[in-house]
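Let's take a friendly walk through a protein model together. Have a look at the picture, and then we will go through it step by step.

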Amino acid sequence: MLDDQHIIPAPQPIPEAFIVYEITHDFYWEVKYREAMENYCQWYRAMAEKHQQELQKMQRDINILGWFYRGWR
């Protein structure tokens with residue numbers, strides 16, 4: 001006598017439409033991810049350049065605070 005609790009149904013094949021959908025979904029996700037990464041990299045380069053320019057400008061400024069500390073030494 002067979003016990004119904006031990007019968008395991010055979011796995012059903014996945015329809016091709018679902019496979020195509022998953023591949024398409026993954027492709028568009030990858031494109032979106034790469035575009036977001038490229039946008040971030042462009043923003044990061046722009047910020048780095050801006051900060052370099054600000055640093056160079058600050059290095060040319062007069063060091064007023066340094067005048068006050070000269071008297072303390």
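**Along the helix**

R34 and E30 both sit in helix α1, four residues apart, which is about one turn of the helix. Helices here are DSSP runs (H or I, at least four residues), numbered from the N terminus. This is a predicted model, where local features need pLDDT of at least 70 and side-chain atom pairs count only at pLDDT 80 or more, while totals for chains, interfaces and linings use all residues. Residues are numbered from 1 along each chain as its sequence is written, and side-chain values use heavy atoms, with hydrogens and water left out.

Side chains of opposite charge can pair when their charged atoms come close. A salt bridge is a side-chain nitrogen of Lys or Arg within 4 Å of a carboxyl oxygen of Asp or Glu, and by this rule there are two salt bridges. R34 forms one with E30, with the closest N and O atoms 2.8 Å apart. The other joins the side chains of E38 and R45, at 3.6 Å from N to O.

How open are these residues? Buried means under 20% relative accessible area, exposed over 50%, and partly exposed in between (1.4 Å probe, protein chains only). R34 has 58%, so R34 counts as exposed, whereas E30, with 30%, is partly exposed.

Now for the rings. Rings of Phe, Tyr and Trp (its six-membered ring) pair if their centres lie within 6.5 Å; planes under 30 degrees apart count as stacked, over 60 as edge-to-face and the rest as tilted. That rule gives five aromatic pairs. F27 and Y28 form an edge-to-face pair, 5.4 Å centre to centre with 75° between the planes.

Note on methods:
Helix = DSSP H or I, 4+ residues; strand = E, 2+ residues; numbered from the N terminus.
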